[in-house]
Amino acid sequence: MAIIRLANVSKCFHIQPDRPRSFQDLALSLFRRSQRRPREEFWALKDVSFAVDAGETLGIIGSNGSGKSTCLKLLTKIIEPTSGAIDVQGRVSALLELGAGFHPELTGRENVYLNASLLGVSRHEMTRRFDDVVGFAELERFIDVPVKFYSSGMYVRLAFATAINVDPDILLVDEVLAVGDQSFQEKCLERIHELKARGVTIVFVSHSLDAVRSLCERTIWLQEGRLQDDGITGGVVDRYLHYIRNRDEAEAMAER
């Protein structure tokens with residue numbers, strides 16, 4: 001049974017090259033309206049459709065700018081699609097780009113409780129799990145420090161520890177894990193495998209093809225916003241690597 005469905009989903013962002021950055025820029029723009037360039041359209045996703053069954057672990061691969069992160073943001077409802085339909089059933093916990101989900105002025109402790117409440121976890125229940133969160137993140141000394149003073153690694157450790165301790169039905173993981181050190185990455189992947197064994201549905205975005213091969217039975221490949229391939233992970237990764245090699249060889253030949 002599918003608990004995630006995307007049907008003909010497209011997402012367009014509008015880029016304004018001459019957007020004013022200050023009051024002076026705004027004033028000057030009043031005298032330059034005739035010279036202003038029209039807004040540019042950037043289609044991050046174009047007519048993408050796929051479904052994910054309950055308990056399935058899906059990998060998403062592709063080059064930078066292919067639409068992987070946009071896809072996860074749509075699943076979390078951070079942004080809305082320009083067209084198409086999205087249906088997600090169950091509690092969603094997400095690890096997106098660094099900076100998403102935590103308030104910089106709040107302490108680590110306050111952010112843990114805030115994120116839990118947004119996911120429907122009671123304060124009493126979060127208090128019961130709090131020591132596990134802090135212990136996994138290895139931030140006992142810094143949990144009452146505002147997260148704006150955290151290093152990127154500390155931030156990711158706390159975000160991941162919070163995400164896995166709210167009993168999600170669906171876990172969305174972006175490339176954010178690449179920020180942590182090697183030992184913590186391995187610790188996170190081990191915990192993701194545990195969640196997978198418990199039947200949590202996982203959507204895993206990564207440039208680490210080895211991690212995708214290890215974790216995901218099925219993978220989709222996005223290229224320039226379009227669904228390029230969908231199937232058994234080994235085959236999809238091999239076809240993606242073949243495409244990358246051919247592209248790099250063509251670019252090298254063109255530069256000669």
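**Exercise 1.** Does W221 count as buried or exposed, and at what relative accessibility?

*Solution.* The model is a predicted one. W221 has a relative accessibility of 5%. Buried means under 20% relative accessible area, so W221 counts as buried.

**Exercise 2.** Characterise the aromatic pair that W221 forms with Y240.

*Solution.* Step 2: for W221 and Y240, the ring centres are 5.4 Å apart and the planes stand at 70 degrees. Planes over 60 degrees apart count as edge-to-face, and the pair of W221 and Y240 is accordingly edge-to-face. Step 3: W221 belongs to strand β8 (residues 218-223) and Y240 to helix α8 (residues 233-255), so the pair ties together parts 19 residues apart in sequence. Step 4: Y240 has a relative accessible area of 9% and is therefore buried.

**Exercise 3.** Locate S63 and list its contacts beyond four places in sequence.

*Solution.* Step 1: S63 sits in the loop between β3 (57-61) and α2 (68-75). Step 2: its relative accessibility is 12%, so S63 counts as buried. Step 3: with neighbours within four places in sequence left aside, S63 contacts K68, H207, L222, Q223, Y240, I244 and R247.

**Exercise 4.** Describe the packing of helix α4 against helix α5.

*Solution.* Step 1: two packed helices are described by the angle between their axes and the distance between the axes. Step 2: the axes of α4 (residues 123-137) and α5 (residues 152-163) come within 8 Å and cross at roughly 145 degrees; the crossing is right-handed. Step 3: α4 contributes V133, F136 and A137 to the contact, while α5 contributes R157, L158, F160, A161 and T162. Step 4: by class, the contact residues comprise six nonpolar, one polar and one charged.

**Exercise 5.** Which aromatic cluster includes F136, and which charged residue lies over the face of F136?

*Solution.* Step 1: F136 forms one aromatic cluster with F160 and F184. Step 2: K187 lies over the face of F136, at 4.5 Å from the ring centre.

**Exercise 6.** Which residues of helix α3 are buried, and what do the elements covering them include?

*Solution.* Step 1: in α3 (residues 108-118), the buried residues are G108, N111, V112, Y113, N115 and A116. Step 2: the elements covering these buried residues include α4 and α5. Step 3: R123 lies over the face of Y113, at 4.2 Å from the ring centre. Step 4: just after α3, G120 adopts a positive phi of about 85 degrees.

How values were computed
Residues numbered from 1 in each chain as written. Predicted model: local features only at pLDDT ≥ 70, side-chain atom pairs only at ≥ 80, totals over all residues. Heavy atoms only, no water. Axes fitted to C-alpha atoms, helices over the stretch in contact; angles between N-to-C directions. Helix = DSSP H or I, 4+ residues; strand = E, 2+ residues; numbered from the N terminus. Left-handed = near helix turned anticlockwise from the far one by under 90°. Contact = heavy atoms within 4.5 Å. Nonpolar A, V, L, I, M, F, W, Y, C, P; charged D, E, K, R; others polar. Phe/Tyr/Trp six-rings, centres within 6.5 Å; stacked < 30°, edge-to-face > 60°. Buried < 20%, exposed > 50% of the residue type's maximum accessible area, 1.4 Å probe, protein only. Lys NZ or Arg CZ within 6 Å of the ring centre and 35° of its normal.
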